[in-house]
Amino acid sequence: MRRLGKTRRTVRTARGSGRVAAAACGAALALLTALPAQAHTPGPAAPHWDLKDTGTASVRFRGLAAVDRHTAWVSGSEGTVLRTTDGGESWRNVSPPGAADLQFRDIEAFDARRAVVLAIGEGEASRVYRTEDGGTTWTESFRNTDAHAFYDCLTFFDRRHGLAMSDPVDGKFRILSTGDGGRSWTVLPNDGMPAALEGEAGFAAGGQCLVASGTKDVWLATGGAARARVLHSSDRGLTWTAADTPIPAGDPARGVFAVAFRDRTHGLAVGGDYRADQPSPRAAAATGDAGRTWRPAGTPPPAYRSGVAWLPHSRSAALAVGPTGTDLTTDAGRTWRTLDTGSYDTVDCTADLGCWAAGEKGRVARLEN
């Protein structure tokens, strides 16, 4: 299926008080809003992506877990996992041993020491690893043995409870569940999962095709079929409802690639057609009713986008990223405008305004003022 290879990140460690973080976010948002459209080379006082030297130019990072402004994990091709604890000034290669042939497309971090990473692929290529010592050692906690399964994304509700999703098996999306922080996993019964459409699957593009908000709500993004849908569960993956989105589908390369929810009600979806030579009209949508209905953006991003994240402490601002740039909305997804043309696949923000992005050629950046 589509294998491009989280918001999403529901397990956070925030630095500073809520008032200080909110004030910082307000100031940064004001600057972002004041930027002219397509401000590709902002001045030193304007918020902009500050590229960090990861020393891994051959790796494409599609997995990203931001803990705070100082700590972040990235995962990607060549079985690579990196971690920084000093704001990206230095990176430690903490890749699991013997994993060079794996594609780590999603990672979730609880703090600077504990993280869970997902490798995608058919059959036994889909695996989950967990570390409790900052990546010094890893334990393989799941290996897929079903040749028909292909896992795309994972997410956590809290430090114990999480889910991973596979493309449809026997006509339905398959859901893995953990209740012990990723140490063990169980396939959930599929009685409450709607039937998949013909050709429908998830996109392992930026770790945001499965996202949670709060203690029980989770959303699953799809594409490849006649309609691009978002499925919602309010009971940690036991039962699901499906809703159509206005994002175009009808082709294996098109659909919803990423979703982000700032609470259990308000969400954003982005996607399009990942092929560089194909247009991506109506590449964004928003919901205000937990995903039951979706409205198209009046002014969508100009091209395919594979990652999206709400700015913390804001009810209306979010960033979307893709290979051709970064876009900002300040009206909860109604309109978007381009801020930067650098290539990124995924984006993640934390409560202390630690917004990070990652992508091809070892690119990782942090939003700076």
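Tutor: Begin with the terms: helices (H or I, at least four residues) and strands (E, at least two) are DSSP runs, numbered from the N terminus. Two strands pair if DSSP finds at least two bridges between them. The model is predicted: local features need pLDDT of at least 70, side-chain atom pairs count only at pLDDT 80 or more, and totals for chains, interfaces and linings use all residues. Residues are numbered from 1 along each chain as its sequence is written, and side-chain values use heavy atoms, without hydrogens and water.

Student: What is the bridge partner of Gly162 in β12?

Tutor: Thr178 is that partner. Strand β11 (residues 162-169) and strand β12 (residues 172-178) run antiparallel and are joined by six bridges.

Student: In what order do the four strands of the open sheet stand?

Tutor: The order is β10-β11-β12-β13, with antiparallel pairing. β10 (151-156) and β13 (186-187) each have a single partner strand, so one side of each lacks a neighbour in the sheet.

Student: How many helices and strands does the chain have?

Tutor: The chain has one helix and 28 strands.

Student: What share of the residues is buried?

Tutor: Buried means under 20% relative accessible area, exposed over 50%, partly exposed in between (1.4 Å probe, protein chains only). Of the 369 residues in the chain, 61% are buried.

Student: How is the lining of the second largest pocket divided?

Tutor: Ala, Val, Leu, Ile, Met, Phe, Trp, Tyr, Cys and Pro count as nonpolar, Asp, Glu, Lys and Arg as charged, and the others, Gly among them, as polar. The lining has eight nonpolar, three polar and six charged residues.
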